[in-house]
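Hi,

Here is the structure I promised to pass on. Have a look at it first, and my notes follow below.

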Amino acid sequence: MTARNRELGGVLVAGVIAGTALASVTIARGSEVSASATTYGIAFLGLYLAAHLVVRRTAPYADGALLPLTAVLTAFGLALNYRLDPDDGGRQALWVLIGVGVFAATLIALRHDYRVLESYRYLFGVAAVVLLLLPSVPGLGERVNGVKLWVDVGPLQFQPGELAKICLILFLAGYLREKREVLAQGRLKDFGPLLAIWGAAMLVIVQTNDLGSALLNFGIFLAMLYVATGKALFVGAGLALFVGGAALLYNALDRVHERVTIWLQPWTDERVHCALNGRLEFRQDCASYQLVKSLYSIGNGGFGGTGLGEGTFTSTDGTELIPHLRTDFIYSAIAQELGLIGAAALLLCYMVFVARGMRIALRAQDGFSKLLAAGLTFGFALQAFVIVGGVLRLVPLTGITLPFVSYGGTSIVANFLLLAGLLLVSNRANSPP
Amino acid sequence: MNRQIVRLTYVALALVGVLVVMTTYWQTWAAAGLADRQDNAIKRVAEFSIDRGLIFSWKPRKRLARNIERTVEQRTLFFRRYPYGPLAAHLVGYSTVARSRTGLERSLNDYLTASNASLSTLVDKALDEFRGKPVEGADVVTNLDLDAQQVALDALGTQCGAVVALDPRTGKVRVMASSPSFDPNLAENDFEKIERIEADCQPAAPLLNRASAGLYVPGSIFKVITASAALESEKFTPESTFVDPGYCTVYGKRVNNFDTTSPFGTIDLESALAYSVNSVFCNIGKELGARRILDTAKRFGFYELPPLETPRDEREPSGLYDNRRLYYPARDPDIDAGRMAFGQERMLVTPLQMAMVAGAIGVGGRLIEPQAVDRIVGPGGKVLLRQRPTLIRQTVSQETADAVAAMMRLAVERGTGTAAQLSGYSVGGKTGTGETGVPGSNTTWFIAFAGPDAESPAELAIAVVLQNQSGTGGTTAAPIARAVMQAILP
């Protein structure tokens, strides 16, 4: 069986999963299984079949597992978003549609040779920095939850950080391919760029208060530097610099300080000062309210979960118990409704995606492609780790999205770009000479 | 570069793999701990879709807590109603969305929501869930005598205080009243009304279950412990005589009797208890030393949390307190044993503990575990839990207990506790007036046991405490004890 036929089979399975998930949400909401569930299932399947056909035409030798995995992940996301808020579910569906469109357009545009991107590497580098700093431009950025992540463009809001990640990976793939020999010699003066990027990461934290995207982008940088040079020492030095810098900022920035305090001690036995209302409260009722409620949500799921549509996210009077559930905390909703089984299945999808992505990097012929595929894949894994790890109290909680699952347009589109990139690299690596 | 990519793959997979491990941790290992937390609104709200078990009184059999069904966004929710309002508010507690739970509603939540880990409940629950029916919780039958509970609460009135009555043979708690009480139906939406409740004390603290968590200076009721310790030491007998000058000298200071104007002269131990002569007990205390008396108190359950089905933090252990902390002296001289012997000197006790003491004396020294719950019955009528009388320990020898019981009978017959006499029953009791140092704000006590005659074991034990009193235990608390005993005894 060829990769494309495997892909077709996978997409069909994903369509069934998406239809079942929505039907299950509809039943739990007390309405009958209306035609809409079936219609939705068919539309979902149609969308991914179209994507499959585009891949068949433009990247016939590409890996066959990634598109079906993406379909399953978006099915998770759509079902949960629809369950939590039908309106947002509809908007999310629109964003998936746009994402697939961007995906198809990218494949078509770069079908001959994506490696032309390498020559625009510095452009991507500048774009990455500009995009990262965009939200802190006065009048443009919007603060959500004390963190500047959003940019208003007319009626649209977008999260430039998601696109910055892709640009950064493209820049690093090109730059490191060019400089890897020089860097590998490990002369002191060659540490310049490393220090410059570290400085940029710290600047991003200071400017946007966003520990999460700094961690993500700096992690990607270190991983790609390691792949390019093979020097574990660079990674160690980079990590030390990052931790040291973050520790300094920890004391200097209240926001970072608070995040770390919440992480280390979400529950207090005594009332502590609450910055939200200026009174003395238990921390679990104030600063770490969100985190502990999300942990309760996960704990309430147990092994098998409450069932899709049966979870508890609102109080008896309809008020929300967990703020930002559909974006930052979508994982705790999944863990409650689908339980350990469902959450592990979701994480397994990410693991397979990561394994296939790295396989593409291994098979790629040239340095740029290898670095690009490894960077995209590692970024994908690290992003899932940072947000889910934050929700699970493994690392300090930060507001980044869960790829393909969280509600949010920019994130969906950016991740479809990432998918397109991996398929293009894969297609080239597998093409007969 | 391939070697690096392979290593990076391991790192990336490990990052996601760690997430699986952590999710497993929260959903299996830590799940029970999360579920028990008071601020776990998710669990609490989720449990409102369970047809929560009812809570009944023992006699007459009435529903102390029932459910009303309401449909919110296509989901059937069960909200609590407490038909008797303040009557048994402290023991039953409340179950709300906004203010979590208290009392049996909190401590027996697993039974009431059918989430206790018993195979048959799990199967029933799974079947209910599968059929799409609301899960049914198990019903709780308490040991409360509702009429006597009403008598107790009425008698307390606007005074601050508590009444605990139990059957000392079985430990069944018949009355547990705390005043001021509150209406648990207000806890969800009108909590401010509860906070505004006023009574004859400051703060009124209506939510405090004074019966098991109220700590009070015992005063003379502690003499029951001292007398037991004295007899157990074999240095004294009920016939031992003392000369009462009307006061006792400790550390060079005079400690007066309640009434210094008429010293008793030569008096034996039995009469000293009946008439509550401080100087006698003061001298016994000095003779025995603090720790010997405290060790006898420990036999009766002091220095440990009294067993009961209510939440742990709604009970307090009795004993010496230092800076709000339970304190046991390392050496005898650390404590003024003379004053402790008649219940002053930082000694604090709960009514529940003192009812246990009276009960144990009344049944030959056997201390039985107090139980507020009789049984828990599953939805199918199957009894999930039936409480059986449990002996905690033989506190003092039967001879000692019987001798102290005789002294307490004398106190009711012709001593300080005559107001508690009940025709047809043999009542033994002890009055107490704990001085707080402010005139007119004494803590008054009466503890007692009652049986059909002096030879049979007691059928009922009671402790009554009142705050901010100007009278004595004999005039204020004893009549309340009598009224409640009369309501319970056949």
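Let me start with a backbone detail: just after H6(A), A:Gly186 has a positive phi of about 70°. Bear in mind that this is a predicted model, so everything here is computed from it.

Helix H6 of chain A itself, residues 160-184, is kinked by about 50°, and the kink is centred on A:Glu178. H6(A) is also mostly covered, with 19 of its 25 residues buried.

Next, A:Phe368, which sits in helix H13 of chain A (residues 367-391). Is A:Phe368 buried or exposed? Buried: there are 21 other C-beta atoms within 10 Å of A:Phe368, and the cut-off for calling a residue buried is 20 or more. Leaving aside residues up to four places away in sequence, A:Phe368 touches A:Arg115, A:Glu118, A:Ala173, A:Gly174 and A:Arg177. As for distance along the chain, A:Val116 is 252 residues away from A:Phe368, yet their C-alpha atoms are separated by 11 Å.

Then there's the contact between the two chains, which takes 50 residues from chain A and 36 residues from chain B. On the chain B side, helices H1 (2-29), H2 (31-36) and H3 (41-46) each supply at least two of the residues that touch chain A. H1(B) gives the largest share of that side, 18 residues. Sorted by class, the side of chain B that touches chain A comprises 24 nonpolar, nine polar and three charged residues.

That's what I have for now.

Cheers

Definitions and conventions: Residues numbered from 1 in each chain as written. Chains lettered and ligands numbered in written order. Predicted model: local features only at pLDDT ≥ 70, side-chain atom pairs only at ≥ 80, totals over all residues. Contact = placed C-beta atoms within 7 Å. Helix = DSSP H or I, 4+ residues; strand = E, 2+ residues; numbered from the N terminus. Nonpolar A, V, L, I, M, F, W, Y, C, P; charged D, E, K, R; others polar. Bend = angle between axes of the 7 residues up to and from the residue. Buried ≥ 20, exposed ≤ 12 C-beta atoms within 10 Å, placed from the backbone.
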